[in-house]
Amino acid sequence: MRTERANAKINLYLDVVGRRENGYHDLVSIMQTVSLCDLVTVDFYPSESTRIVLSASGNSAMPTDCRNLAWRAAELYLREVGRQGEVRIFIEKHIPMAAGLAGGSSDAAAVLRALNHLCGSPLSTEALCALGARLGADIPFCIVGGGSLVTGIGDGLESVEPMPDCPLVVACMGEGVSTPWAYGKLDELHDNFAEDRPQTNTHSVILNEMKEGRLSEACKHFFNLFEEVVPAEQPYVNRLKAEMVAGGAICSMMSGSGPSVFGVFSNEDDAAAVCQTLRAMGASAFVCHPCAKYPI
Ligand code: ATP
């Protein structure tokens, strides 16, 4: 039996720079795992045929059948390594769903790491990432964790220094956002990205400032293109951001395609107080910290 943390991710920078003929979008993003996590326990019993059993606690809305990415990851993994047997997966769900925090991708990545360990590590991390990419663009990042510069359609992954340690508040309120819907809104606004958007070096500026430990400077350059379209339809996004800044956040921004929002704080007390305020408003809110890569 193996239990893996499945950490949520936030995007410190997220720009969509183009759209391919097949509809996939080219990104430039800085992703960072945070300590808010699901716990994924996997058991593997080799036998003549494959059967997946998935159960969960913490969120009854999460599918527990083959619609669950973690389930599909288990099937894909066994097929890839030519093994058969019963896989039992238990997900203790804490990450809000459809929130731009990559909860599903992180659960799937945790299953891939756990099964690879239980099967004697036949796949290298690179091979595991290539396998994960077949299930979802965020999964290779979620296999590795820490900080990454992500380019292409999510397949270009360059590990970078993790964000300097700081208290973070991650919060969301209201309805979830479907990532394809959010991309559709960006497509409308940007004429289907018929012209590639000019690329800036802002992501390099952020990475350099963070490498030098100048988090406040880095925060000035945080950016998320989805803020052009999602807050207009999800008014809680701007309310949560305003509460975070009023409560002392150095900066606050939406993560991924939203609607979750994160705030960067310079002290634990402010972060804890804001978290309480947001919960009193009815939001799901968590104090957490940036994480390093998963141990391989
Ligand atoms: P991303 O940013 O990667 O698009 P997200 O964080 O916005 O993802 P998820 O929490 O991964 O969104 O959920 C998106 C949808 O995926 C959910 O509505 C749910 O039906 C489905 N899903 C499948 N497996 C999972 C899982 N293990 N955890 C959460 N949602 C899952």
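Q: What should I keep in mind about the numbers?
A: The model is predicted, with local features needing pLDDT of at least 70, side-chain atom pairs counting only at pLDDT 80 or more, and totals for chains, interfaces and linings using all residues. Residues are numbered from 1 along each chain as its sequence is written, and side-chain values use heavy atoms, leaving out hydrogens and water.

Q: Which domains does the assignment give for the protein chain?
A: Domain bounds come from an automatic or database domain assignment. Here the protein chain has domain 1 (2-160) and domain 2 (168-288). Their C-alpha centres lie 22 Å apart.

Q: How many residues of domain 1 are in contact with domain 2, and what area is buried between them?
A: Contact means heavy atoms within 4.5 Å. By that rule, 26 residues of domain 1 touch 37 residues of domain 2. Buried area is the accessible area (1.4 Å probe) that two parts lose on being put together, summed over both. For this pair of domains the value is about 2600 Å², with carbon and sulfur atoms giving 67%. In domain 1, the residues that lose the most area to domain 2 are Leu12, Tyr13 and Leu14, together 22% of what that side buries.

Q: How do I read the charged pairs?
A: Side chains of opposite charge can pair when their charged atoms come close. The rule for a salt bridge asks for a side-chain nitrogen of Lys or Arg within 4 Å of a carboxyl oxygen of Asp or Glu. The structure holds 15 salt bridges, and two are found across the interface of domain 1 and domain 2. Arg197 lies in the loop between helix 5 (179-189) and helix 6 (202-211) and Asp15 in strand 1, so the pair ties together parts that are 182 residues apart in sequence. Helices (H or I, at least four residues) and strands (E, at least two) are DSSP runs, numbered from the N terminus. Arg19 also forms a salt bridge, with Asp187, and the closest N and O atoms are 3.2 Å apart.

Q: Which residues come nearest to the ligand?
A: A residue is near a molecule or strand if one of its heavy atoms lies within 4 Å of it. Of the 18 residues around the ligand, the nearest are Gly100, Ala102, Gly104, Asp107 and Thr179. For atom pairs, a backbone N or O atom of Gly104 is 2.8 Å from an oxygen atom of the ligand. A polar backbone atom of Leu69 lies 3.0 Å from a ligand nitrogen atom, and one of Ala99 lies 3.4 Å from a ligand oxygen atom.

Q: What should I look for in the backbone?
A: Most residues other than glycine have a negative phi, and most peptide bonds are trans. Ala98, not a glycine, has a positive phi of about 50°, and this residue sits in the loop between strand 4 (85-92) and helix 2 (103-118). Gly258 and Pro259 are joined by a cis peptide bond, with omega about 0°. Pro259 is in the loop between strand 9 (251-254) and strand 10 (261-264).

Methods. Polar contact = N/O pair within 3.5 Å; in protein donor to acceptor, adjacent residues only side chain to side chain.
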